[in-house]
Amino acid sequence: MTIQDFLKKKQEKLAEKTKSKKKDFRAKCEEILEQIKSYNEEKHSELLNTFKVRYDKVNIQKKKILGFYGQLVNELKSLREQAGESILTTPVVKKAKSTIKDVKKQKASLEKKVDKVVKSTKRKVTEAVKKVEKAVEDVADKEKTAKKKVTKKATAAKKKVAKKATVAKKKVAKKATVAKKKVAKKATVAKKKVAKKATVAKKKVTKKTSKK
C-alpha cells in the first residue's frame, strides 16, 4: 500500500467517523424535540421546523449541530422549570391528588376495621380463655369432691372391716374359751375317773395282800 492510498483510506475513515457523530447528534436533537413536545407542542413545532430547515443535513458542520443541540437542551430545561410551577394545577395532578386522598381514606377505614377486628378477636380470645380456666377449675373441684368421697368411703370401709375383724376376733376368743373350758371339764372328769379307778384298784390290791 502506497502512502497516498494509506492517507486516502485514513481520510475516508475520519470522514465516516465525523458523519457518524453528526448522525448521533441529529438523533439526540430528535430525542430532545420529542421531550419538548410533551411540554409544549407549539414550541416543538417551531423548533422541529428550524431543525429540518437548518440542521437536518448530511453535510452540516459539527459546530452548528452542537450549538442547536445546546439550544434544545436549554429550552427543555426551561420548559421543565415552568412545568414545575404549574404542574400542581394540571388535571393529571389533580386526579392524582384525589386518588391519594381516596387511598388515605380507604387506608384509615381499613385501619379502623382492622383495629375493630383485632379488638373483637382479643375479646373473644379473652372470653375463651376465661371459659377454659373456669372449666379447669370445675374439673379440679370435681376431682377434689371425688377424692373426698373416695377417702370417706375408704375410711368407712376400713372402719367396717375393723369392726367385723373385732367382732370375729371376739367370737373366736369366746369359742376358744368355751372349747378350753369343755376340754378342761372333760380332762377333770377323766382325771377323776382315772383316780377313782386307781383307788378301787389299790383297794383290791390291798385287800388281796391282807388275805395272804
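In this predicted model, the side chains of Arg26 and Asp56 meet in a salt bridge at 3.2 Å, N to O, a salt bridge being a side-chain nitrogen of Lys or Arg within 4 Å of a carboxyl oxygen of Asp or Glu. Local features need pLDDT of at least 70 and side-chain atom pairs count only at pLDDT 80 or more, whereas totals for chains, interfaces and linings use all residues. Residues are numbered from 1 along each chain as its sequence is written, and side-chain values use heavy atoms, with hydrogens and water left out.

**Salt bridges**
- Arg26 belongs to helix α1 (residues 3–39) and Asp56 to the loop between α2 (41–55) and α3 (62–86), so their pairing ties together parts that are 30 residues apart in sequence; helices here are DSSP runs (H or I, at least four residues), numbered from the N terminus.
- Arg26 counts as buried because its relative accessibility is 13%, while Asp56, at 34%, is partly exposed (buried means under 20% relative accessible area, exposed over 50%, and partly exposed in between, with a 1.4 Å probe and protein chains only).
- A search of the whole structure finds 2 salt bridges, including one in which the side chains of Asp138 and Lys134 meet at 3.6 Å, N to O.
- Asp138 and Lys134 are 4 residues apart in helix α4, and are therefore separated by about one helical turn.
- Asp138 has a relative accessible area of 32%, so this residue is partly exposed.

**The end of the briefing: Lys211**
- Lys211 lies in helix α4, which covers residues 91–211, and counts as exposed because its relative accessibility is 67%.

Notes:
Helices (H or I, at least four residues) and strands (E, at least two) are DSSP runs, numbered from the N terminus.
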